[in-house]
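Have the structure open while you read.

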Amino acid sequence: MPIRIPDALPATDLLASENIFVMTEYRAMHQDIRPLRVVLLNLMPTKIATETQILRKLSNTPLQIEITLMHMASHDHKNVSEQHLEMFYRTFDEVRHERFDGMIITGAPVELLDFEEVDYWPELCEIMEWTRTNVHSTLHICWGAQAGIYYHYGVPKHTLSKKKFGVFEHRQIKLTSPLLRGFDDTFWAPHSRYTEVRIGDIEAHPELEILALSDEAGVYAAKSIDSRNFFVFGHPEYDRATLGAEYERDVDKGLEIAVPRHYFPGDDPDNPPKSNWRAHAQLLYTNWLNYYVYQTTPYDVRRVGLEETHKISDELAEVDARETEVATRPLHWESDDQKPRVSPYLRAMNEDDDGYDPYSDRREEPPLFEPDPWR
């Protein structure tokens, strides 16, 4: 999925050199398709590294993605220049009146603080409340997942006796979940955290379900039954060297830190690490974008969230009326003048895709995978 990002963003040249499909703003403006609008709320202090890691994953499928980078206005950023934030990032106040197909909320190194002690917690709560009406599907990562599942469902986090640090083996719990479609029976993923969300606390909420877990690392992925919120408690976006850099940083600070588990061959830091999670990490992001964003988001982005609140505007109602009128016209006309003038940006009423689209022209037949793949 080509990602549409500012031409001058530092990640642009790096991603292009890695054979990642990066679409320039100029090229994107000359394509007659609607890009998916995805906002990335970057809570990590290493803004550039994190945005680059996640942008790597939002790539290599046939759709455009228009990325909006967001930072917390109520937090003093010490590890990134003001110039970078001013040039590439927006604040919540600047986007609160917009709607997005998807949102990603990253982790943050604040898990040992109570949520209410985090300086930007009130602003983050306002943003998470805003996602109910202005974002179609939200993917929360690591501390962002702990914060999201606590805010939306009251699920607490618990402090661990020592840091959960390394690359751990996981297994699928819901084998039919499209989020994990294409995953092996077991897969590996990085974790780097001092707290956890427990299985029993999630299972106590019938509106939530667990998708994957690890015997060593605990819950890896969970979601809301309505597929509006996803919680991934690891770091699938991490590069090969990220855990090693974190380990060296803590060692240099004189902190008591164990060697990350299953990361260095033989658990020996002198051995170069190997990445055994990259393919599944890419698949997780691609599945989320495909099955839970592209396949289900309204074509008119102004509709995001409006179906639930029953606030469809008169303007959108007029669009519906025009589309219905066009869809019921005959397929043959006596002259070209009688053919309807339909915007190329409107999704065809009989568009054929994978059979899940409500306007699909395929005949009625049982789904290929499960009755409702988003539950």
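1. Residue classes first: Ala, Val, Leu, Ile, Met, Phe, Trp, Tyr, Cys and Pro count as nonpolar, Asp, Glu, Lys and Arg as charged, and the others, Gly among them, as polar. With those classes, the lining of the largest cavity has 4 nonpolar, 4 polar and 1 charged residues.

2. Some ground rules. This is a predicted model, where local features need pLDDT of at least 70 and side-chain atom pairs count only at pLDDT 80 or more, while totals for chains, interfaces and linings use all residues. Residues are numbered from 1 along each chain as its sequence is written, and side-chain values use heavy atoms, with hydrogens and water left out.

3. On to the cavities. On a 1 Å grid over the protein atoms alone, a cavity is a set of points where a 1.4 Å probe fits but cannot get out; lining residues have an atom within 4 Å of a point. Points are joined across faces, edges and corners, and a volume is the space filled by probe spheres set on them. There are 2 cavities of 30 Å³ or more. The largest has a volume of about 40 Å³, and its lining is made of Met44, Thr50, Ile54, Thr106, Gly107, Ile141, His235, Glu237 and Tyr238.

4. The second largest cavity comes to about 30 Å³. Around it you'll find Phe187, Trp188, Ala189, Tyr220, Pro236, Trp277, His280 and Ala281. That lining splits into 7 nonpolar, 1 polar and no charged residues. Strand β9 gives the most, with 3 residues. (Helices, H or I of at least four residues, and strands, E of at least two, are DSSP runs numbered from the N terminus.)

5. Now a pocket, meaning an open set of grid points with protein on both sides within 12 Å along at least five of seven lines. The second largest pocket holds about 660 Å³ of space. It has 26 lining residues, and the closest to its centre are Met44, Pro109, Lys163, Glu246 and Arg249. Two or more residues each come from α3 (47-57), β9 (186-196) and α9 (242-252), with α9 giving the most, 5 residues. By class, the lining has 14 nonpolar, 6 polar and 6 charged residues.

6. Which aromatic rings pair up? Rings of Phe, Tyr and Trp (its six-membered ring) pair if their centres lie within 6.5 Å; planes under 30 degrees apart are stacked, over 60 edge-to-face, and the rest tilted. The count is 14 aromatic pairs. In one of them, Trp121 and Tyr150 have ring centres 6.1 Å apart and planes at 45 degrees, so the pair is tilted. The partners are 29 residues apart, with Trp121 in α6 (residues 121-134) and Tyr150 in α7 (residues 143-153). Trp121 is buried at 7% relative accessibility, whereas Tyr150 is partly exposed at 26%. (Buried is under 20% relative accessible area, exposed over 50%, partly exposed in between, with a 1.4 Å probe and protein chains only.)

7. Tyr263 and Phe264 make an edge-to-face pair, 4.7 Å centre to centre with 65 degrees between the planes. Both residues are buried.

8. Phe115, Tyr120, Trp121, Trp143 and Tyr150 form one aromatic cluster. Lys157 lies over the face of Phe115, 5.0 Å from the ring centre. Likewise, the charged end of Lys163 sits over the ring of Phe165, at 4.3 Å from its centre. (A charge sits over a ring if NZ of Lys or CZ of Arg is within 6 Å of the ring centre and within 35 degrees of the ring normal.)
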